[in-house]
Amino acid sequence: MHDIEGVIQENLPVCRDFYRCKIELARPMGKVTPGQFIMLKVPSAEIFLRRPFSIYDHSKDTITIMYRVVGKGTQSLCQAGKKEKVFVLGPLGNGFTLIKRDAYVVIAGGIGIAGVHLLIKSLNDKARVFYGTSGKEELAAIKDIMSFNPVIATLDGSQGFKGDVIALFQKQVKSFGGKDMEIFTCGPEGMVKSLRKSMGKLKIPCQVLVEERMACGLGLCFGCVVKTVDEKEPYKRTCKEGPVFDLWQISL
Ligand SMILES: Cc1cc2nc3c(=O)[nH]c(=O)nc-3n(C[C@H](O)[C@H](O)[C@H](O)COP(=O)(O)OP(=O)(O)OC[C@H]3O[C@@H](n4cnc5c(N)ncnc54)[C@H](O)[C@@H]3O)c2cc1C
Ligand code: FES
């Protein structure tokens, strides 16, 4: 893990309040596992704390994030232009663990696609991808993975299944015919809770990327803990032990 200076190569709107930002790094970041994240110092003197973002994509000398504007940090980032200087700490945390299975399912909701994009790419055509969003205008966020034929749910029914992505997955889960499968997911808390509730009986292995609020990102402040079923040490830090957890081991 290194703190690397970078310059913004491009920072463009994707759809609505989603942006994609490609950063050229002064030196290579090294090996990245899908699901790992960076702590980004956005180019604003008023914003002291870094913000965590999943590594959406990377090459030897670049890193790309996709983000949704929700508050002052992301607002300031979306106004940053080409050549602006940023600092990137990473790669951080534990990413997804891949073991050999008969089938892999990736379920993402909204900006949660940013956390699983690299995983989908690395699984190549081995994963069945489910993506849920509010309406078809947000489908620009999955343009890069359309070749993997994602199954789409929109809340307003403007494209694909009308309803939420977990309801869609529930309808299709039987088509996997009891295969040894694993689910990887990232999205709004409501979506993850609903997945957990609906899969409660089947107990399919599932790894979830948790987007808890963070301060240090380095395991020092304990500001990002999630409660788990571990009796000895129930509180785990999202930035250190996570951000990827076993869905059946955490309390939501
Ligand atoms: C490991 C990890 C990976 C992440 N990856 C991405 C990503 O790839 N793309 C992306 O858009 N976002 C991602 N996030 C969330 C992102 O870090 C926050 O949206 C961002 O820090 C908000 O900063 P802000 O200054 O704009 O908002 P703030 O002013 O800090 O907050 C504005 C609003 O957003 C809410 N908020 C802030 N942080 C979070 C959070 N972590 N989860 C849910 N709500 C939050 C606040 O409660 C508040 O309502 C990730 C978070 C983690 C922990
Ligand atoms: S953010 Fe400080 S311990 Fe995780």
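**Close-up views of a predicted model**

**View 1. In the surroundings of ligand 1, a nitrogen atom of the ligand lies 3.4 Å from a backbone N or O atom of Glu212.** The pair is a polar contact, that is, two N or O atoms within 3.5 Å; within protein, one must be able to donate a hydrogen and the other to accept it, and residues adjacent in sequence count only if both atoms are side-chain atoms. A polar backbone atom of Ser54 is found 3.0 Å from a nitrogen atom of ligand 1, and an N or O atom in the side chain of Arg51 is 2.7 Å from an oxygen atom of the ligand. Ligand 1 on its own exposes 880 Å², of which the protein buries 77% (Shrake-Rupley method, 1.4 Å probe). This is a predicted model, in which local features need pLDDT of at least 70 and side-chain atom pairs count only at pLDDT 80 or more, while totals for chains, interfaces and linings use all residues. Residues are numbered from 1 along each chain as its sequence is written, chains are lettered from A and ligands numbered from 1 in the order in which they are written, and side-chain values use heavy atoms, without hydrogens or water.

**View 2. The shell around ligand 1 consists of 20 residues.** A residue belongs to this shell if one of its heavy atoms lies within 4 Å of the ligand. The closest residues are Arg51, Pro52, Gly73, Thr74 and Arg213. Ten residues of the shell are nonpolar, four are polar and six are charged, with Gly counted as polar. Strand 4 (51-54) contributes the largest share, four residues.

**View 3. Gln36 occupies the loop between strand 2 (18-25) and strand 3 (37-41).** Helices (H or I, at least four residues) and strands (E, at least two) are DSSP runs numbered from the N terminus. Gln36 counts as buried because its relative accessibility is 10%; buried means under 20%, exposed over 50% and partly exposed in between, with a 1.4 Å probe and protein chains only. A polar atom of the Gln36 side chain lies 2.8 Å from the backbone nitrogen of Thr33. Beyond its neighbours within four places in sequence, Gln36 is in contact with Lys31, Ser54, Ile55, Pro91, Leu92, Gly93 and Gly95 (heavy atoms within 4.5 Å).

**View 4. Seven strands form an open sheet with mixed pairing, in the order 11-10-9-8-12-13-16.** At its edges stand strand 11 (161-162) and strand 16 (244-246), each of which pairs on one side only. Two strands pair if DSSP finds at least two bridges between them. Strand 9 (residues 127-133) and strand 10 (residues 151-154) run parallel and are joined over four bridges. Tyr131 stands opposite Ile152 of strand 10.

**View 5. Lys83 and Asn149 have positive phi values, although neither is glycine.** Lys83, with phi near 75 degrees, sits in the loop between helix 1 and strand 7. Its relative accessibility is 69%, so Lys83 counts as exposed. Asn149, with phi near 50 degrees, belongs to the loop between strand 9 and strand 10. Asn149 likewise counts as exposed, because its relative accessibility is 62%.
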